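Subject: Structure handover

Hello,

My notes on it follow.

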Amino acid sequence: MNFELTEEHLAVQKAAREFAQTELLPGVIDRDETQTFPTEQVKKMGELGFMGMMVDQQYGGSGMDAVSYVLAMEELSKIDASASVAMSVNNSLVCWGLEMYGNEAQKQKYLIRLAKGEIIGAFCLSEPEAGSDATSQQTTAQDMGDHYLINGTKNWITNGSSASVYLVIAQTHPEKKHKGINCLIVERGMPGFIVGKKENKLGIRGSDTHSLMFTDVKVPKENRIGEDGFGFNFAMNTLNGGRIGIAAQALGIASGAYELALQYSKERKAFGKEISRHQAIAFKLADMATKIEAARLLCLQAAYLKDAHKDFAHASAMAKLFASQVAMEVTVEAVQIHGGYGFVKEFHVERLMRDAKITQIYEGTSEIQKIVISRGILK
Ligand code: CAA
């Protein structure tokens, strides 16, 4: 066992921390208020190599490991979870999926630009009637010989209006159920593809979450990822890695709120001393720090298993389940420690509390993580 981070890991962590402080912090309250996507910030994240962290350098990525990815996700999420979800989806759902399962032509055409952050991608699985029950895909990809025709609607799609490339999961052979599903690469601007309304959300308000509509969208067969019928397995395998990213996001939201609460508690005085010196607050800080450390270890373990090419599905589900719960608990306590100041926007913790909730919902709700974990235990 070795719990030490390498020099390279520490350098990534430091770079991400500095970027978050200098580039994400200014304007984060305003972006949340006005629901503005962090376009410029995401562009800079691409220039710094944060949008394709684990992609091989030959495909435009940074060639780093999943541990580095967790460290960077934590730091960015401490400040701006809207920017970090754009990063997470691009890295672990879009780039990883393409690098792992795409063919060479698809990598050349799409992956390189995605990994460099020149363009960003979206992952389109959820539908109005198929969220947790993801095998019930209503969107169809009709086989027309040399192309597919996509018809249907996708919901709650992260990077919905800012993406250029969309990985769309759709049903081709309904009689084969989930084994008849395909994943197709759809480009922004393909005729019949419309970006629908933007969701007005509780949290991650800077993230552009949209519904997408497909009407007879003609997609060449060369845009299918993997063999005919591989789409659902593609989605599940990709989401296993995505869940490490969201677990790290939840960890960052929790540790960001904790750091603010710790600082505030050392400055704010009540009843003649700093509130951190009252046991009621000190014990809250102890609980928060302990939970965060446990969440961090689960995230790093999942990343370690992924880097070691071992089965990480179970570990990533545990990391996401636990870290998202910790994010909720810690952010609520951080608001409580701040008292009245915690309830106003300038102190950031109320935003982090709102941002925390989605980590228990997207990329598989907590209940879905328990399905994945319990099936792993019981198989
Ligand atoms: N890893 C790999 N494969 C998995 C898997 C996992 N974690 N979970 C299921 N599978 C595979 C199964 O092995 C099976 O494959 P085979 O038939 O080839 O063996 C196939 O998927 C179907 O599995 P089940 O028979 O168990 O199907 P089910 O309907 O009982 O359960 C489910 C499936 C696990 C509940 C699945 O529907 C699921 O994960 N739902 C949640 C969907 C989700 O996470 N959505 C997130 C949307 S994306 C998003 O949020 C991105 C964003 O914008 C931030």
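**Findings**

Serine 255 has a relative accessibility of 2% and therefore counts as buried, the cut-off being under 20%. The model is a predicted one, so please read every value here as computed from it.

Serine 255 sits in helix α7, which covers residues 231–267. Its side chain makes a polar contact with the side chain of glutamate 74, at 2.8 Å. Not counting residues up to four places away in sequence, serine 255 touches Glu74, Lys78, Ile292 and Arg296.

**Two helix pairs**

Helix α7 also packs against α5: the two axes are 9 Å apart, at an angle of about 155 degrees. Because that angle is over 145 degrees, α5 counts as roughly antiparallel to α7. The crossing of this pair is right-handed. On the α5 side the residues that meet α7 are Ala81, Ser84, Val85, Ser88, Ser92, Leu93, Trp96, Gly97 and Tyr101. On the α7 side they are Phe234, Asn237, Thr238, Leu239, Gly241, Gly242, Gly245, Ile246, Gln249 and Ile253. By type, the contact of α5 with α7 holds 9 nonpolar residues, 10 polar and no charged.

The other pair is α1 (residues 7–24) and α4 (residues 66–79), whose axes come within 8 Å and cross at roughly 20 degrees. That angle is under 35 degrees, so α1 is roughly parallel to α4. Here too I list the handedness: α1 passes α4 in a right-handed crossing. From α1 the contact takes His9, Val12, Gln13, Ala16, Arg17, Phe19, Ala20, Gln21 and Leu24. From α4 it takes Val67, Ser68, Leu71, Ala72, Glu75, Leu76, Lys78 and Ile79. The residues in the contact of α1 with α4 divide into 10 nonpolar, 4 polar and 3 charged. Lys78 of α4, listed in this contact, is also among the residues that serine 255 touches.

Which residues of α10 are buried? They are Val349, Glu350, Arg351, Leu352, Arg354, Asp355 and Ala356. With 7 of its 10 residues buried, helix α10 (residues 349–358) is mostly covered. Those buried residues pack against α2 (28–34), α4, α5 (81–101), α7 and α9 (313–338).

Valine 28 belongs to α2. With a relative accessible area of 3%, valine 28 is buried. Leaving aside neighbours within four places in sequence, valine 28 is in contact with Ile79, Asp80, His348 and Arg351. Of these, Arg351 is one of the buried residues of α10, and Ile79 is part of the contact between α1 and α4. The C-alpha atom of valine 28 is separated by 38 Å from that of alanine 105, a residue 77 places away along the chain.

**Two backbone angles to check**

Most residues other than glycine have a negative phi. Glutamine 35, which is not a glycine, has a positive phi of about 55 degrees. Glutamine 35 lies in the loop between α2 and α3 (39–47) and is buried, at 18% relative accessible area.

Asparagine 159 likewise has a positive phi, near 65 degrees. Asparagine 159 is in the loop between β3 (147–158) and β4 (165–171), and its relative accessibility of 0% makes it buried.

Regards

How values were computed:
Residues are numbered from 1 along each chain as its sequence is written. This is a predicted model: local features need pLDDT of at least 70, side-chain atom pairs count only at pLDDT 80 or more; totals for chains, interfaces and linings use all residues. Side-chain values use heavy atoms; hydrogens and water are left out. Axes are lines fitted to C-alpha atoms, for helices over the stretch in contact, and angles run from 0 to 180 degrees between N-to-C directions. Helices (H or I, at least four residues) and strands (E, at least two) are DSSP runs, numbered from the N terminus. Angles under 35 degrees count as roughly parallel, over 145 as roughly antiparallel, 65 to 115 as roughly perpendicular and the rest as oblique. A crossing is left-handed if the near helix is turned anticlockwise from the far one by less than a right angle, and right-handed if clockwise. Contact means heavy atoms within 4.5 Å. Ala, Val, Leu, Ile, Met, Phe, Trp, Tyr, Cys and Pro count as nonpolar, Asp, Glu, Lys and Arg as charged, and the others, Gly among them, as polar. Buried means under 20% relative accessible area, exposed over 50%, partly exposed in between (1.4 Å probe, protein chains only). A polar contact is a pair of N or O atoms within 3.5 Å; within protein, one must be able to donate a hydrogen and the other to accept it, and residues adjacent in sequence count only if both atoms are side-chain atoms.
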